[in-house]
Amino acid sequence: MLLRKDIPRYTALLAVLIGLVFAVAPAAVYFALSWQSLRVSLEKEAEIKAHKLSLFVAANPLMWQFDEIRLKHILEADNARTVPECRIAHDRGGIVAMSHPGGEAAHPDDLPWPVVSRSHPVWDAGTAVGWMEIRISLRPLVLATAALGVASALFSAAALTFFFLYPWSELRKALDALWEMKERAQATLHSITDGVITMDTGRNILLMNRIAEIITGWPSREAMGKPVGEVIPLDFPVGGAAPPAGAPARAFRTRVSRIGEERLIEAVDTPVLDRSGKAAGSVLVIRDVTEKERVEDELLRGKKLESLGVLAGGIAHDFNNLLTGILGNISLAKEMVDPGKRAQKRLEEAERAALKAKDLSTRLLAFSRGGKPIRKEISAEEALRDAIDLALRGTGVRAEFRIAQGIWAVTADAGQLGQVFHNLAINAAEAMPAGGILRVSMENARVREGEVPHVMAGSYVKIVMADEGSGIPADILPKIFDPYFTTKAAGSGLGLTTCYTILKNHGGNIFADSAIGAGTTFRIYLPATGEVPRDVRPDPTVAALPGNGTVLLMDDEELVLDVVGEMLTQLGYTPVFSRHGEEAISKYEEASRGPGAYDLVILDLVIPGGMGGKETAARILEKHPDARIVVSSGYSNDPVMAGYKEHGFVGVIAKPYRLGDLSQVLRQALGKEDPAPGHPPPGPPRDEVTSPMA
């Protein structure tokens, strides 16, 4: 490391070196440039003279050597130099003629040293018959270079003398000041990407960079000379005293007075030392880490939500397996009880309760995994009323419905669509904590091209939900559909994002209008079929349609195998069981080689620790492309369930399901027509049903 006392010595050495360079460099450059110019000139002149001699030789091929007058004329022509030189024409036998322009010499070898020579051949009909040579003395150039070198040396000596006569005391003072400025500048430069405040020993501000101005809200010209605590109150941090100078970084939550909002500031105080090692001030480096903390909190919240989603998905999957056993057994029990018995009524009520539990698991799955909607034709009015009634239950908010006549059907995922209406109703209730009215309207709408921004032309069901809450500020309104954006202290910022995502996945859109004190209105456009829907309410008395054939059932749950096997037997099918993909493939291969091939295969999509339905179906279809396979899963919103045909399946059934649901899917997968209404399903007598697991 260079010490301050070494700087004058090294500066003097550098000055001497520079003086030597300036003493030598001009003469060296002059000689190099002159020599280069002379060399090029001689080569070109030798070439031109040789060309003229070649023309002369061509005109007198036999006698040219003897015409000395003409030869000397060619040699002496076009010469402007005054330096001693000699031009010589040679033939194969020796010198034919020569000339001494610029100074005579008895012989070419008598030219003043040093001498440089250049030559060029003389041609006659492609044959070299001689050559042209030019010799020139470099003594004038050497003398001129020496004179220039002496002048440069004298000038450099004069400059060095002036430099060394400069007062050394003034130089030392300047170096001391420069050193202190260097230390201050280094501390600033090391922190230049953050806010930098330079202070004197009294902690009064000397300098602020642009980032510090932004963080504190103080222009540098106004903050100059003020105590740092007046500009940014870091002297009184929350939870402890201010750190000493040079201490490690600490985070301070402080209110920046000119900005008027609480920010989380991180600060480092670094001392600046003078030449004696004493403190000459300090540099405060500040950083606004509010956004960084918010992002970290969001990432943590996202991880928590992801973990919670995985948990919810697992619970919903296991819950659906249990519901399959409950709902399936209820369906079987209903078939065993006479319609007029009191037990039939109780079983129907139990079935309705199980179907409501199925809706709950559907909500859990929508929260946990999202995915493509599993669409079917539904009544948007029923989904709207059910979701809003559930969301507002127990609140002081009352819903007023204005539903137009003949609302069209929509092709949608009922669970996901219900989640949209439920989230919006919850938001309305939270916006009206003291109670109020949520006005809901629904009507058919045909949208023309360009009529509604970001909505394609077509048939839609338009839903409007307007609350009487406090409203949303204009600067916040464009952000409400952004992920994790929320103004609620305990909110996740995912509710409206989920609504937007679900509606976009359905080909629709959602818009919000709001003003402070005027409430908030959400407008929803949901693609419609253009026709009034059929009665699509879940029917607890769906007929169990008969069938026949052998069905390979793969599932890892004993409860599911037991009840679905019993349901298959009740419907007239012969069930064969498998607990994982490898076993199902093996049994299918074995059966396909004999007379007892399977008519249908039902595969559970997810087999923990084993081959699931998607891969199993692909392996079977690879060798047996005509195989008829139905996919089933407790993850009803899995993309494979939504696009089952893309993966080779001929049917899909989501757990839990009833006997009638299973029979309809089986007949559709087998391509059979429905029986006449009221036809009893096949199977053993109701008092002699046996378990397929026996």
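Predicted model: local features only at pLDDT ≥ 70, side-chain atom pairs only at ≥ 80, totals over all residues.

Colleague: Thanks! How are helices and strands assigned?

Modeller: They are DSSP runs, numbered from the N terminus: helices are H or I with at least four residues, and strands are E with at least two.

Colleague: Is V16 buried, partly exposed or exposed, and what is its relative accessible area?

Modeller: Buried means under 20% relative accessible area, exposed means over 50%, and partly exposed is in between, using a 1.4 Å probe and protein chains only. V16 has a relative accessible area of 31%, so it is partly exposed.

Colleague: Which residues form a nonpolar patch on the surface?

Modeller: A patch is made of residues with over 30% relative accessible area and no salt bridge; like charges are joined within 9 Å, and nonpolar side chains (Val, Leu, Ile, Met, Phe, Trp, Tyr) within 5 Å. Here the patch consists of Y10, L13, V16, L17 and L20, which together have about 460 Å² of accessible area. Such areas come from the Shrake-Rupley method with a 1.4 Å probe, and for residues only the protein chains shown count as cover.

Colleague: You mentioned salt bridges. How many salt bridges does the structure hold?

Modeller: A salt bridge is a side-chain nitrogen of Lys or Arg within 4 Å of a carboxyl oxygen of Asp or Glu. The structure holds 19 of these salt bridges. In one of them, E43 pairs with R118, and the closest N and O atoms are 3.4 Å apart. This pair links distant parts of the chain, 75 residues apart: E43 belongs to helix α1, and R118 to strand β3 (residues 115–124). E43 is partly exposed at 35% relative accessible area, and R118 is partly exposed at 22%.

Colleague: While we are in α10, is A383 buried or exposed?

Modeller: A383 lies in helix α10, residues 380–392. With a relative accessible area of 14%, A383 is buried. Its C-alpha atom is separated by 8.0 Å from that of F421, 38 residues apart along the chain.

Colleague: Now for helix pairs. At what angle do α13 and α17 pack?

Modeller: Axes are lines fitted to C-alpha atoms, for helices over the stretch in contact, and angles run from 0 to 180 degrees between N-to-C directions. Helix α13 (residues 558–571) packs against helix α17 (residues 659–670) at about 65°, with the axes 10 Å apart. Angles under 35 degrees count as roughly parallel, over 145 as roughly antiparallel, 65 to 115 as roughly perpendicular and the rest as oblique. So α13 and α17 are roughly perpendicular to each other.

Colleague: And which way do they cross?

Modeller: A crossing is left-handed if the near helix is turned anticlockwise from the far one by less than a right angle, and right-handed if clockwise. The crossing of α13 and α17 is right-handed. For another pair, take helix α14 (residues 581–592) and helix α15 (residues 613–623): their axes come within 9 Å and cross at roughly 20°. These two helices are therefore roughly parallel to each other, and α14 passes α15 in a right-handed crossing.

Colleague: Last, the backbone. Where are there cis peptide bonds?

Modeller: The bond from W113 to P114 is cis, with omega near 0°, and P114 lies in the loop between β2 (94–99) and β3. The bond from K655 to P656 is also cis, with omega near -5°; P656 is in the loop between β21 (651–654) and α17.

Terms used. Residues numbered from 1 in each chain as written. Heavy atoms only, no water.
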